[in-house]
Amino acid sequence: VPAAAVKAPPAPPSPSAKPLSPPPQMRELDFMLGSFKCLDTPSTGQEPFYDYITTRRSMGGHYYESVMWTPGVIRAQRTWGWDPVGRKYLSQYRDDWGVAATSTAGPVKDGRLVSTGPVTLVIKPSPTGEAEGIKADVKEEIRALGRDHHTNVQSTTFPNGFVVTHTLDCHRR
């Protein structure tokens, strides 16, 4: 490639440059901000239990960071952001069992955010750092029902077609 055809990368912003404002699409997720107690009802017939989720703005509102926990069972983190090129939300999930997931979602429509993506589930956690796992697909529909209330229906589809659904009914604490 001739040297004249190669463009130099843009110059970095000067130290006095004003930080870029967060994308306005992130405000559509404001209903998730704060601390929530969520009744989690699995489709497996297991007794319902409570999850706790606290979500805050990060990096000046460019990202929303959630910390989730089910007492005595699991601790997790989730990050939401906006992809300005793909014009969609991006999400990353990870927990202390070693589960990892990424998902994407289109814009919020009628108070609903629907995300889909792959997940690697840990079958039995181990302190050795090695465990058996299975790849699956997850679909999640989060519905804002007001400033202090939202639901989250998470469906995990396994390679054999079996689906496990968790329905979370979340109220502000």
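## Close-up views of a predicted model

**View 1. Arg87 counts as exposed, because its relative accessibility is 61%.** On this scale buried means under 20% relative accessible area and exposed means over 50%, with partly exposed in between, using a 1.4 Å probe and protein chains only. Arg87 sits in the loop that joins β4 (74–83) to β5 (88–95), where helices (H or I, at least four residues) and strands (E, at least two) are DSSP runs numbered from the N terminus. The phi of Arg87 is near 55°, which is a positive value in a residue other than glycine. Most residues other than glycine have a negative phi.

This is a predicted model, in which local features need pLDDT of at least 70 and side-chain atom pairs count only at pLDDT 80 or more, while totals for chains, interfaces and linings use all residues. Residues are numbered from 1 along each chain as its sequence is written, and side-chain values use heavy atoms, with hydrogens and water left out.

**View 2. Asp110 is found in the loop between β6 (100–105) and β7 (112–122).** Although Asp110 is not a glycine, its phi is positive, at about 55°. Is Asp110 buried or exposed? Asp110 counts as exposed, because its relative accessibility is 78%.

**View 3. His149 lies in strand β9, which covers residues 149–157.** His149 counts as partly exposed, because its relative accessibility is 22%. When residues up to four places away in sequence are not counted, His149 touches Phe36, Ala144, Asp169, Cys170 and His171, a contact being heavy atoms within 4.5 Å. His149 and Asp30 are 119 residues apart in sequence, and their C-alpha atoms are 12 Å apart in space.

View 4. The C-alpha atoms fill a box of roughly 65 × 40 × 30 Å, taken along the principal axes. Of the 173 residues of the protein, 31% count as buried. Among contacts between residues at least 6 apart in sequence, 35% join residues that are at least 24 apart. The protein has 20 positive and 17 negative side chains, and the centres of these two sets lie 8 Å apart; here Lys and Arg count as positive and Asp and Glu as negative, while His and the chain ends are not counted. The place of each charge is taken as NZ of Lys, CZ of Arg, CG of Asp or CD of Glu.
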